[in-house]
Amino acid sequence: MPTVIQIVFGLISALIIGAAMMVVLARNVIHAALWLIACFFGVGALYLLLEAEFLAVVQVLIYVGAISILILFAIMLTRELEGARQLARGWRLWLGGAICALLFAGVLVPTLAGHPWNVPPPLGPAGTPEVVIGAADLGRGFVFQYLLQFQVAGVLLTVALIGAIVIAYEERGRRRRVLTLAEEHELRKRQEPATAEPPAGD
Amino acid sequence: MTMQIQRGKVVTVERGARGQRVPGAGLLASMAVVWKHWQGSFRKNDSFEKIHGTFTMEYPEERPRLPEAFRNMPILLYDEASGHELCTSCFQCQRICPPQVIHMSQAKDPVTGKALPALTEFVIEYDACMSCGLCAEICPFDAIKMDHAFELATSDHAGLTLHREQLNRPISYYEGIAPTMWAEVKDSAFKKLQGNIKRRPDVIGMAPNLAEKIAARRRELPPAEVVPAPSVSVAPPEAAKDDWSAKDVTGVWSAKDAKPGEGRESSAAAEAPPVAGAPAAPLDDKAARLAAIKAKNAAKKAAEAQGE
Amino acid sequence: MYDIVDALLNRTFGLGWPGWSVALIGHLFVASLLFVVAPFQMLFFTYYERRAIARMQDRVGPNRVGPEGIWQPLADGVKLFTKEDIVPDVADKWVHLIAPCVVVAPTMFMFAVLPWGPGMVPVNLSVGLLFFFAIASVTTVGLMMAGWASNNKFALLGAMRAVAQMVSYEIPAVLSLLAIVMLTGTLSVVELIAYQGGLFIASADMPGLPDLGLGWIVFTPVGLLAFLVFFVAALAEGERTPFDIPEADSEIVAGYMTEYSGMKFGLFYLAQYLLNFLLCAMAAVVFFGGWQGPGVGWLYAQAISPANPDGSGVFNVLAGVLGVFYMLAKTYGLFFVMIWVRGSFPRLRVDQLMDFGWKFLIPLTLVNVLSAALWVALTRWGPEQGITFTAGWSPLLRWGAAFVATGAVNIGAYLALGRVYATAQAGRGRVDVDELELVTTTR
C-alpha cells in the first residue's frame, strides 16, 4: 500500500478506535451517543478508502442519518439515567477488565496471526486491473442472486413499520377531549330531540 | 347551521363540499393572486383605494402628507405685519396643560406696574409635552397653536426646554400648515390682536427677533412713550417695591387707602420726574386717568367710611 | 482541476511533485473556492428573498444600506458577529458549541457533487445523487444536538418536530429521485446532466434530435410529477413556509435555535439558506438539465476536453461561463418559486405536515416509480427483456406511447390520491355522533 494510504488509514482507525473508547468512557450518555456517531463516520471513511463508494454513502445515510437519531430519541425518551451508575470499583474492576481482555485476545490473536495479509488485489480477465464493484453490480446481486434475502429484509422492515403504528395507535374512544361548540350542539340535539331549534338564518 | 348560545349566535359553515375540484387548484389560485401583487408592486401606490402597488413611503426622501389637524408640539404665533405676538399671557394654557409644561410670565407696564396683555417670558418643556392640544383649544386669542414638527430627536436634553424666541412663528407659517383651521379663527384673532396692541405700550409684546420692526416701531412712537429706565419708582414707596412681606404689602395698600389725597399727590408728583423734557401726552393722559380713577375710588371709600 | 494544477506545478515550474500532492492541492483549492462562494451565495439569497417577498407584500424591502440595499446582508453579518454569545448556564457546553457546526458542515459537503458547468464538478462521484441526500440527513443529528443541549423543554420539542419533519420528507424526495434514476439508469449527477441534451426529448431517447440542451426531464410526465413532489419535499427539508414549523417565530420562538444568539445563530441561518440553495440547484440539475441549455453543448464540443484534445481554450471558458449562467438562472428561478410559495400560503400544523408527507406524497412517489418502470419498458426494453410488441416501432412512436401511458397513469393517480387525501382530511374534523356519545358518557 502506498504510504499516503497507510497514513490516512492510520488516522481513520485512530478516529474509530478513539471514538469507540470515548463511547464507553464518557459519563454523559448523550455524549456517548455523539461519540458513536463519530465512530460511524470513521467507518464510512474506511469504506471510501476501500473504494466502496456506494457502501460508504449508504453507511452515512443509514447509520448517521437514521440510526443515530433513533439512538438519541431512545435516550431522550427514557430519561432515568441521572445519578451514579453502579460502576465496579477496586479489585472487581481490575479482575473484570482482565477477564474481558483475555477473552478478547483469545479471539483476536489467532485471527490476526492466521490471516493471510498483503494479498494482491484480484485481477479481472486477462490480467487487467481489478474491477471495482459499483452500485449497479450490487443492484444486480440483490435482484438476481440474493433476491430471497432482499425480500425477507423488506418484509422485516414492513413488519417493523406496522408494529410501530400499532403500538402508537390510540383508540378514538379512549381519548378524552374538550368538545367544540358544534359537537356539543350535535350531542344536545341527539339527546333532546324535542327541543325546538331557534330559527335559523337571521 | 345557526346555534344560539348564551352570548349570541354561532354560525357553522360546512366546508366539506370543496373536495370535488382538482386537488391543488386552490393553491395555484392563491399563487396567482400573489403573482399579481408582485407584478403590481413595481409602481408606487398613491391611493388607498387600490390594492396593488407599493405602499412604502421612503422617508426621508418622501415626506408624509400630514392632515391639518395633526398636532405635535405647540408654537406661539406672531403677526408679521405689525410684529406683535398674539399671546396676552392670560395663563389659560398654563392652567389647562395636563403635564404642566407651560410656564410664562406676564409683562408689566413699567410706569404703572399693571399687567399688560403681553409676555416677558414663555417656556414649554418639549420633552414632557404630550401634544394633547388642550392649550391650543383653550387659547382665547389663538396665540398658541399645534405645530406639525415631529423630527425633534436630539441628544441635547436641555435644548428641549424651549423659550419664547424659539417658540415664535409667523402667522404665515401656521397658515401654511393649517389653512382651513386658521381661516376659521383669523378674523376674531386679528380683532383681538388690534385690541391688545392698543393696550400695549411701547414695543412690549413684539416678537423679539424682529429687530428692524422693533426699531421702526420705536421710531414712530412719540418719544414720551419710550419706556424710561425701569428703576423709576411709581406710586408704592421705594422701600416696599421689591419686598413682598405681608406687612409691606399691606402697608402699600393701606398707604393708598388711608391717604388718598396724599397718594394721589405723590403719584402725580412721581409722574412728573419721568416725563422730564417733553410733554408726555399719552402717558400723562393715562396716568391722569388712572389717578382720576384712584381718586374716585378713594373718595367713594372715604364717603362710605364717613357715611358709617 | 488536477490537470491544471499538474500543468502549473510540474510543467511550468518544473517541480516534480508526486501525483497525490497535486491532487491534494487541486482539491484544497476547489474546496477553498467553495468556502468562499457558498457564503456569498447565501448572502445574496437572503437579500434576494427579502426584496422578492417584500414586493409580494406590497412593500419595497431593504434598499438603504447600499445601492438598492445590496450591502444589507453584510450589515446583517456584522450585526450577528458583534452580538453577545449567550450560552445558558445549565446547557451542555460542548454539545451546544458543536451543534451549529454539525448542521453547517454537511451542507458544505453537499457542494462537492454539484456541477456548475460542463466539466466543473469538484468530485465526480459515481453515486453523487445518493451522496447528496445521505449527507443532507446528517444535519438532523445537529438539530437534535441543538435542541438537547439548550436544556430547554421547548427547544427540545422544537428539535424533535424538526427532526420528524426532515426525516419524513427525505422519503418522498429520495423516492421521486428514484424514478429519475430509473429513467436515466445512473446515480451520477454528471451523467444525469449529460442525458438531458436534445430538444424537449432527451437525446438518449431519440438520437436524431439537434442538441439544444433542452431535453429536460421535467418535460416528461414522470419527470413532471417527480419534480412537483421533489419541490414540495425540498420545501419541507429546507424548513421553508408552509413547512416552517421548526422555526415559526410566532409560535415556538425559534424552536431548536431558541438558546442561540450571535454567530451560532448565524451558522444555523447559513445552513438553512445553503440547504435551500443546494436543493434548488439539485432540482435544477436533475429536472431542468443543470448547465444544459442552448449553446453550451456546442461550445464545449469546440473546447479542449478528453474527447477533443485539439480544441481551443477560449471555448472552454465560454462554455463554462454559459453553463454556470444557465445553472444559476435555473437555481434562482426555482428559489423565486420557493419565495413565491412562502408569500402565498400559511403554515401547516405539524400533524397536517406529517399527514401530507406520509399519506399523500409517498403514495404519489410510489406510483411515479411504477410510471418510470413503464417508461423504461416502453422506450428501452426489447425482446431480450421480454417486451415483444414494441419490436418494430420507431423511437418517436415508442417515446409517444410511453408519454401517453405514463401521463395517463400519473394524472389519474394524482387526481385519485388527491381526492382520497382531501376527503380523509376533511373527515378528521367531523365527529361521529355515536362516538361523541361514547366519549361523553364514559367519563
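Reader: Before we start, what are the ground rules for numbering and confidence?

Author: Residues are numbered from 1 along each chain as its sequence is written, while chains are lettered from A and ligands numbered from 1 in the order in which they are written. The model is predicted, with local features needing pLDDT of at least 70, side-chain atom pairs counting only at pLDDT 80 or more, and totals for chains, interfaces and linings using all residues; side-chain values use heavy atoms, with hydrogens and water left out.

Reader: OK, chains B and C. How many residues are in contact there?

Author: 24 residues of chain B are in contact with 18 residues of chain C, contact being heavy atoms within 4.5 Å. About 1900 Å² is buried between chain B and chain C, and carbon and sulfur atoms give 61% of that. Buried area here is the accessible area (1.4 Å probe) that two parts lose on being put together, summed over both.

Reader: How many salt bridges between chain B and chain C?

Author: Two. A salt bridge means a side-chain nitrogen of Lys or Arg within 4 Å of a carboxyl oxygen of Asp or Glu. Arg64(C) and Glu61(B) form a salt bridge through their side chains, at 3.0 Å from N to O.

Reader: And what classes of residue does chain B put on the side that touches chain C?

Author: That side has 12 nonpolar, nine polar and three charged residues. For the classes, Ala, Val, Leu, Ile, Met, Phe, Trp, Tyr, Cys and Pro count as nonpolar, Asp, Glu, Lys and Arg as charged, and the others, Gly among them, as polar.

Reader: Where does Pro23(B) sit, and what does it touch?

Author: Pro23(B) is in the loop of chain B between strand E2 (8–11) and helix H1 (25–40). Helices (H or I, at least four residues) and strands (E, at least two) are DSSP runs, numbered from the N terminus. Not counting residues up to four places away in sequence, Pro23(B) touches Tyr414(C), Leu415(C), Gly418(C) and Arg419(C).

Reader: Is Pro23(B) buried or exposed?

Author: Buried, at 16% relative accessibility. The cut-offs are under 20% relative accessible area for buried, over 50% for exposed, and partly exposed in between (1.4 Å probe, protein chains only).

Reader: Switching topic: which residues have the most contacts inside the largest nonpolar core?

Author: Phe111(C), Leu114(C), Val286(C) and Phe287(C), in a core of 135 residues. Helix H11 (residues 263–288) of chain C gives the most to this core, with 18 residues. A nonpolar core is a set of buried Ala, Val, Leu, Ile, Met, Phe, Trp, Tyr and Cys residues joined through side-chain atoms within 4.5 Å.

Reader: What does Phe111(C) touch?

Author: Leaving out residues up to four places away in sequence, its contacts include Trp116(C), Pro122(C), Leu274(C) and Phe277(C).

Reader: And how many residues of helix H5 in chain C are buried?

Author: Nine of its nine, across residues 128–136. Phe131(C), Phe132(C) and Phe133(C) are among them.

Reader: Which residues does the cis peptide bond join?

Author: Tyr59(B) and Pro60(B), with omega about 0°. Pro60(B) is in the loop between H1 and E3 of chain B.
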